[in-house]
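Welcome! Please take a moment to look over the structure below, and then we can walk through a part of it together.

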Amino acid sequence: MNFRAFLVLSAAASVSLGLAGLASNAAFAQNPPTQPGQSDPATRERNLQAAKSKYLSIMSTERVNITERIPINFPLPAYNSNVTRTSFINTTKGSPTATAGIITKDAPEAVFKWYQEKLRNAGWSSMAASPKLMEKLGKLGKVYMLDATKDTQAVKLSCTLDPATQGTTVSITWVKNR
Amino acid sequence: MKTKRDKRGSVTAFSAVLALALLVLGIGFLFIVLYMGAQRETKNATDAGALNVGKKALTDISVPVMPTDVFADCASDSIDNNALRDNKITLGRINRVWSKAMLIAINAEAAGADGQAGSGSGNASQAVSGAEEISNSLAAKLKTPSNLHGFFNELSQQNSVRMIGVGSSTQVLPGAGWQTSLMDREAESNIELTGSPSDNFYLPPGYSLPAGASTQCTRSPKPDGVGNKYFLKGYVPIQIGGKTIWQVPFKWDNKPILVASSKFDAEKATTKALEWSNPVPNAFSAEGQALKAGAPGEKATSWVLSNPRKPFKLSAPHSFLKIKVDQPKCHWYFYPIPPIKVEFGAAQNYDFNSSPTGMTGTTMPGGGVLCSSVTPPSQMIGLDIAGRSLDEVIFSLPNLHTSETKKVEDQMVSRANQMISKPGVVITPAKLHSCLGSAVTRLALIAGEKNFYLFSKDGETLECLPKIAADALAFTWMPLISGKDADGTEKKIIDDDYMPGGFPLPHAPVPLPFCSPTPLVNVSWVLWDKDVYWKPGTGYNGSLGEIRVKRWSEVHTVGVCNPL
């Protein structure tokens with residue numbers, strides 16, 4: 001679609017959706033709200049459900065599922081020290097694939113070593129990017145990466161330094177080929 | 001009455017007669033011995049001359065080719081692709097020419113079956129015509145006895161025929177004694193196939209060699225070294241896409257040998273016709289005569305079956321496969337009208353030398369439901385390509401399209417084997433991945449290189465290097481052809497192989513008036529995507545094809561607000 005045309009269309013649609021939402025807000029239209037500018041709880045709940053259904057329609061179309069918690073059956077253990085946030089995304093069609101994300105206050109090197117040991121103990125064969133390679137990339141000490149395989153499973157793991165907190169963002173991409 | 005003396009005189013006379021008879025017999029015997037010896041010497045000299053014809057016909061009678069000719073790379077007895085070529089096609093090399101034309105035709109046929117023929121079919125026709133032209137010229141030269149006479153004399157004159165007389169020698173006797181034959185029909189040629197029928201000889205995926213085109217060694221007993229190798233069959237028409245390919249049989253590891261006249265005569269084209277209108281012969285008869293002071297003495301005929309004793313693998317020696325990596329880009333998607341997504345903002349480049357890196361997209365006005373604007377959070381981009389080798393860029397994650405990935409691998413393995421001339425060497429998928437996964441490709445990608453060449457500098461090993469390094473390593477030929485494009489048409493083999501590839505992050509869209517962001521649904525995530533394209537090349541101009549890899553990231557940002 002032509003971008004400008006789409007922009008106009010989408011803006012119009014967005015506004016119209018909003019207006020439709022407002023118009024369908026019975027409390028806003030007919031009854032006085034419990035607080036200024038706010039609909040009654042039942043209507044708010046309906047609006048929330050409508051919004052969530054739109055979100056779910058996107059997830060369904062994109063064939064992904066996103067949650068904050070990493071499932072316990074994720075093939076790799078989740079780092080659990082000083083964790084401030086986790087997230088998880090998986091595909092819902094085709095070959096199984098998922099990415100788990102963890103943010104921790106711990107340093108990348110420590111987190112990376114923890115995962116190396118866990119992978120080794122679980123029988124994965126892994127290959128880490130050498131310090132020389134990371135130096136070439138200008139990421140020495142900032143990013144740690146490894147690839148690991150086990151049977152038909154493959155994992156790409158990275159531990160990236162968050163410059164602001166000196167903590168680590170862990171990204172574990174997992175795939176199982178059929 | 002006879003006296004004792006008379007009796008003795010009778011014995012003397014008898015002895016004299018006997019001695020004379022014995023002398024005559026001795027002289028007769030001597031002449032017979034001399035005659036037979038001369039005949040044997042003449043035959044030996046003729047055999048030696050004929051064997052030299054069988055040997056020199058392989059190397060010293062040639063058809064010139066231009067250095068730019070499609071078959072110029074076949075003008076060598078070496079498997080080493082970097083070895084200098086002498087621009088001559090000989091009997092020992094003619095099968096290389098025909099087999100290269102065959103490969104070109106096979107590649108065109110396979111590309112055509114996939115709807116990717118392009119100009120490959122036309123090139124294949126030209127290649128086969130070119131091979132036929134060279135072959136016909138060579139056949140004409142080999143069938144012209146005067147071209148062989150010198151080889152005969154070269155050795156026959158060195159052989160002693162003293163029994164004919166002092167100063168006598170065996171020389172060519174021109175005429176009907178000089179003929180050619182097409183022996184060992186349906187035996188193996190000196191072109192070895194890669195692998196076995198079970199792995200389809202590593203020919204292009206989907207293509208099958210015609211039944212009866214190949215054979216194992218036909219020598220009996222089978223020599224130890226030949227194992228279970230397969231070869232193209234000689235003096236058998238091999239049909240490839242309506243074109244006929246020929247091979248001259250040369251049994252594995254046989255030297256030029258003398259053969260019986262009966263066998264030679266039975267296989268002559270005049271005795272037993274071949275479909276091949278102008279066949280290249282592999283056997284020759286030679287007639288010589290021993291001369292004494294200008295007068296004919298003895299004459300003899302010998303029959304020799306030629307053999308270069310030099311096998312090659314079915315190959316296009318000077319060839320390459322190009323691998324091109326497109327500039328990785330990050331695209332930004334929004335969902336203003338769910339579930340339809342729209343790309344907003346210019347795609348941003350990321351690269352092998354800067355990844356992974358944090359990237360932020362452009363704010364999209366109205367980029368979500370009841371959103372005034374949506375701004376994607378900063379996402380870590382390039383983890384899919386950071387520090388990766390070329391092998392990983394092509395084959396690694398995302399690699400969920402396993403059958404399509406296998407197709408790409410099969411095409412590449414097939415083409416890689418077409419670069420190898422050394423018999424017995426097989427480029428397996430593992431070898432290909434090892435080559436593509438070398439530290440060199442990793443460092444070259446980091447250095448910003450996007451074009452790579454897969455080739456064999458020595459006809460035995462595989463290399464994958466950037467153009468400048470390929471040109472330098474194969475300096476005798478690569479610079480002449482590395483600029484050529486594959487003659488087929490491009491097709492996407494792996495179509496949008498993708499997977500989640502980053503940390504899904506929450507974000508806060510700016511809501512429209514009287515709205516607020518819906519909790520837990522405003523999220524942004526990254527997908528790693530990959531397309532792989534295949535453009536087949538027949539090898540006619542040196543290019544066996546092109547692999548193009550497109551890697552990109554998509555940041556999807558959902559913005560949803562609801563009325564207050």
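Two residues count as being in contact when their C-beta atoms, placed from the backbone, lie within 7 Å.

What you see is a predicted model. The predictor gives the complex an ipTM of 0.82 and a pTM of 0.88. Chain B has an average pLDDT of 93, and 97% of its residues score at least 70.

Let us begin with strand S22 of chain B, residues 451–455. Four of the five residues in S22(B) are buried, so the strand is mostly covered. S22(B) has a partner in strand S14 (residues 320–325) of chain B: the two run antiparallel and are joined by five bridges. S22(B) also pairs with strand S23 (residues 463–466) of chain B, again in the antiparallel sense, over four bridges.

Now turn to helix H8 of chain B, residues 429–436. Which residues of H8(B) are buried? They are Leu432(B), Cys435(B) and Leu436(B). These three lie on the same side of H8(B), because they cover an arc of only 95° around the axis. An α-helix has 3.6 residues a turn, so residues three or four places apart point the same way.

And what covers the buried residues of H8(B)? The cover includes the helices H6 (390–395), H7 (402–418) and H9 (439–446) of chain B, together with S23(B).

How values were computed. Residues numbered from 1 in each chain as written. Chains lettered and ligands numbered in written order. Predicted model: local features only at pLDDT ≥ 70, side-chain atom pairs only at ≥ 80, totals over all residues. Buried ≥ 20, exposed ≤ 12 C-beta atoms within 10 Å, placed from the backbone. Pairing = 2+ DSSP bridges. pLDDT = per-residue confidence, 0-100. Arc of directions from axis to C-beta.
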